[in-house]
Structures are given as C-alpha cells and as structure tokens.
Amino acid sequence: MSSITASLALSLAGVTVMTFLAAGIAIYWGVAYTLEQTAREEMVGKLRIVQHFVDEVVQDGNLETLRHHIDDVMTGHGELTVWLLNDRDEVVHGGLGLPVRQLREGDFEVRTVSGKKMAFARKSLENTGSLQLRTAVIALDMAPRARLLRALLYLMLTAGSLAMLLTFTLSLQATRHGLRPIGRLSRQAATIAPNSLALRLDISGIARELEELAQAFNGVLDRLESAYQQVRSFNADVAHELRTPLATLISGTQLALSANRTQVHLRATLESNLEELEGLKSLVNDMMFLAHADHGTVVQDLVDTNLRPEVQKVCEFYDALLEDSGLKAVIEGRATARCSPALMRRAISNLLSNAIKFTAPGESIKLSLTEHGRIAEIAVANPGPPIPAETQERMFSRFYQADPARVRSGDSHGLGLAIVSAIAKMHGGQAFCERADGMTRVGIRIPQ
Ligand SMILES: Nc1ncnc2c1ncn2[C@@H]1O[C@H](COP(=O)(O)OP(=O)(O)O)[C@@H](O)[C@H]1O
Ligand SMILES: [Mg+2]
C-alpha cells in the first residue's frame, strides 16, 4: 500500500539532495577555480620578486647571494620551489629531474611529480649580466589546496546527508500534520449509514484542495439519498396501488360467499374480479418493464423503422375508444428511426391513452412525426388547459398522477409516462412535455 506521507517526504528529501548537489558542485568548482587563480597570481608575484633579486645582485655578479635571497624568502616555507636556468638551459639552482625545460614562457601548468601535485610557471629573466641566467621556473605545491578542497567535499557531503535526513523527518511530520483533515473526513464518512443518509461531510474551514473532493462526496450522498428516497416511496406506492384492488377483490369475494347467491350474481362477481386481476397484471407488467429498464436492459431488436405505420397501428387499436369518447386522431408528417417497433408502439399507446383521457369530446388529437438534425420526434398533442409547472416536472416520475381521482381506473397507475421516458432513454433519447398552439404536446425524441 502506498503512503502519501512517505512518498511526499521521500520526494522532498530527494529535492533537497538535488539542490545540495547542484549547489555543492557550483561551490566546489568555484572554490577550486579561485584557488587555482590565487596560486597563479602568487606564482607570478614570486617570479617578479626573483627578477627583483636578480636586479639587486647583478652588480656583484654573485650567484650565491641570489640563491640565499631566494631560499630565505620563498623556499623556506616548503610549498615553493624555484629553479634558475642559465643561457644553455642548464639548471643552476633548484633540484634536478624536474620537467622544467618543457615549459613555455608564462605557462601555468599543474602536473603530478613524484606523487605530488604541483603547479609550474616560467619567466624569462632580464638584465642578468654576468650571472648569465635566462629563465626562472617556479613550482607551487598544490597539496594544501587539494586538502582544502577535499575537506570542503566531505563537509558538503555530510551537510547534504544531514539535510536529507532532516528534510525527510521534518516533512514526514509536516505531511502527517497536513493530511490530518483527510483522516477527519474519513471518520465523518464512516459514520454515514443508510439510516443516516442525511448526514454530510463538514466542509467548513476545510483546505481548498480537499473541498472539491468533499463536495463531490456530498454530491454523491445527495444523489444516493434521493435514490434511496425514491426506492422507499416506490415501495410505499406499490403497496398503495395493490391495496385497493386487493381490498375490492376480497370484499367482493366475501360478499359472494356470505349468502346463497344466484349464478348471475356469482358470475358478475367473477367478472368484476377478473377486471381487477387484469389491472393488477398490467401493474405488475409495467413494474417489471421498469425494473428491466433500471437494470440497463438494452434494446435487442433495433431496426430501421418507418414510424408512420406504427402510429397508424396504435390509432387503429384505439379506434373504438376514440369513437366512444367522441374524439378524432389525426396523423401528421413522417419519420424513420433505428428503434424497436414494439417499444415505439408501447410508448405511442401510452401517450395516446393519456391524450384520450385529457381531451374533451368533439376535439381532435394530433399525432405528429418530425425529423430534425438526425433526431426523430414522435409527439401526441391534445387541446386542454396548460399543465402546471409542478406537474410537468413530475409527470414522468413513477406513480405520479396530478389528479388521481380523475384518472383512477383499473389500468391507470401513473406508470404510463415513466415507461415512455424509459423507452426514450433505452433508445438514447428523451421524453418531453411542452405547450404549443393551445395544445399539450407530450412525446419523445430519439436519435435516428
Ligand atoms: N395529455 C396530458 N394532459 C394533461 N396531463 C397529462 C397528460 N398526460 C399525462 N398527464 C399527467 O401526467 C400524469 C401521469 O401520466 P401517466 O404516467 O400516463 O399516468 P396515468 O395515465 O396512469 O395517470 C397523469 O396522471 C396526468 O396528471
Ligand atoms: Mg397514462
């Protein structure tokens, strides 16, 4: 399992190491360069002093005095070695066996001679008179400087490691402290259960970075709560819908059994029972359909369908009812869509049965088919008073009936439009309700 605390602390430690490394390299090279530069200046200065000594002793022409001077001032402290070469390039002062002859005028060169790191410089001497000297070569032992650099390196390595350790432990503490609000949120979330779905994460004073997450979580809870609420009310609605027909069935049967009934009477009871049972069957069928739709059942028999004949078939099925209600159905336009014809007929049937219920006798219902922008629209429009906004919002919900007393009948449970909406969604479309030309238009739009 990965830990944010550990990985943050580790990466901060890594950043510290990188920073120290970069700074260390820069400091190291800076110091090394400065040391070399000062060594060079020192040697050039010393060579100038050698020339000065030459100028001093040139009158006497005494090489020994010159050597003395040089030994006194320079070679005394061990770091410096001076060679003097005569006209024939022979060493007249200084040790032997050193690569001094290969140096050019003004050269500054670092070489390792018998295990010692030395810097060399050479200068032509002027006005040497009877001393017959031509060149002075000077060597500076670089070991002390190398020691200094090594010490610097060790110091930086130690400081770097310490800094890394310190950063790691401190950032462990800091991130632990910084992540404490997450723990608090987790504890809050852990207390939320189905019976306390109204609880929300407390986002007051929460860090900006966590606010979005907490809000998203609260949003999930909102949706969960409303879904849960829906399931609960769905159960209550189902129980409610079942109670009335069952009560009717029971009381009717009890009445039939209570006395010696004539066969005609018993038959009437059975007929009324059958009607109630048919209503219950249609309720169960509708609920089953919605349950399948909820489970994301996809439409199997998608075919390119000319919708007009489907609308005609539904109208023919309702012919008798239309005539009884003194209504006329008019079909307008045409449209095709890739859909399940059976489901389309079911949707159109639900829409038309509603329109028949809500239209006054003598009026006509308009069934229209249109296509626009690769969308097919099927709408059923009927004249009637405008539907209040509250009803429009809820009419596609399950078991919703604006005026149950008015529409209450065996096969009217408030599931018709919920099924229309489910069918539209199964086809990737949507159901709608709108007002146009004094008519109520309810329908679906699905992609072609
Ligand atoms: N054409 C319409 N005109 C006015 N109201 C309608 C129309 N169609 C549906 N409604 C409203 O929407 C509600 C839900 O319709 P529906 O789901 O078909 O259930 P049901 O027909 O069983 O009442 C209806 O009870 C009614 O209030
Ligand atoms: Mg209906």
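What you are looking at is a predicted model, in which local features need pLDDT of at least 70, side-chain atom pairs count only at pLDDT 80 or more, and totals for chains, interfaces and linings use all residues. Residues are numbered from 1 along each chain as its sequence is written, chains are lettered from A and ligands numbered from 1 in the order in which they are written, and side-chain values use heavy atoms, with hydrogens and water left out.

**View 1**
Start with the overall layout: domain 1 covers 4-165, domain 2 covers 208-294 and domain 3 covers 303-447. These bounds come from an automatic or database domain assignment. Between the C-alpha centres of domain 1 and domain 3 there is a distance of 101 Å.

Look for 24 lining residues, with Q230, F396, S397, R398 and A418 nearest the centre of the pocket. Two or more residues each come from α5 (208-258), α6 (263-294) and α12 (416-426), and α5 gives the largest share, seven residues. Helices are DSSP runs of H or I with at least four residues, strands are runs of E with at least two, and both are numbered from the N terminus. By class, the lining has 13 nonpolar, six polar and five charged residues. Nonpolar means Ala, Val, Leu, Ile, Met, Phe, Trp, Tyr, Cys and Pro, charged means Asp, Glu, Lys and Arg, and the others, Gly among them, count as polar. Domain 2 and domain 3 both give residues to this lining, so the pocket lies between them.

**View 1. Q230, one of the residues nearest the pocket centre.**
Q230 sits in helix α5. With a relative accessible area of 57%, Q230 is exposed. The accessibility scale runs like this: buried is under 20% relative accessible area, exposed is over 50%, and partly exposed is in between (1.4 Å probe, protein chains only). From Q230 to D89 there are 141 residues along the chain, and their C-alpha atoms are separated by 109 Å.

**View 2. Ligand 1 and its neighbours.**
There are 16 residues around ligand 1, and N354, K357, S412, G414 and L417 come nearest. To count as near, a residue needs a heavy atom within 4 Å of the molecule. Now follow oxygen atoms of the ligand to polar backbone atoms: there is one pair at 2.7 Å with L417, one at 2.8 Å with G414 and one at 3.1 Å with A402.

**View 3. L352 and S368, two buried residues.**
S368 and Q300 are 68 residues apart in sequence, and 26 Å apart from C-alpha to C-alpha.

**View 4. Two loops with a positive phi.**
Most residues other than glycine have a negative phi, and most peptide bonds are trans. D89, though not a glycine, has a positive phi of about 65°. Find D89 in the loop between β1 (80-86) and β2 (91-93), where its relative accessibility of 23% makes it partly exposed. N127 is not a glycine either, and has a positive phi of about 50°. N127 is in the loop between β4 (116-124) and β5 (133-141), and counts as exposed at 60% relative accessibility.

**View 5. L66 in helix α2.**
Helix α2 spans residues 63-73. L66 is buried, at 0% relative accessibility. L66 and I27 are 39 residues apart in sequence, and their C-alpha atoms are 41 Å apart in space.

Terms used: On a 1 Å grid over the protein atoms alone, a cavity is a set of points where a 1.4 Å probe fits but cannot get out, and a pocket is an open set with protein on both sides within 12 Å along at least five of seven lines; lining residues have an atom within 4 Å of a point. A polar contact is a pair of N or O atoms within 3.5 Å; within protein, one must be able to donate a hydrogen and the other to accept it, and residues adjacent in sequence count only if both atoms are side-chain atoms.
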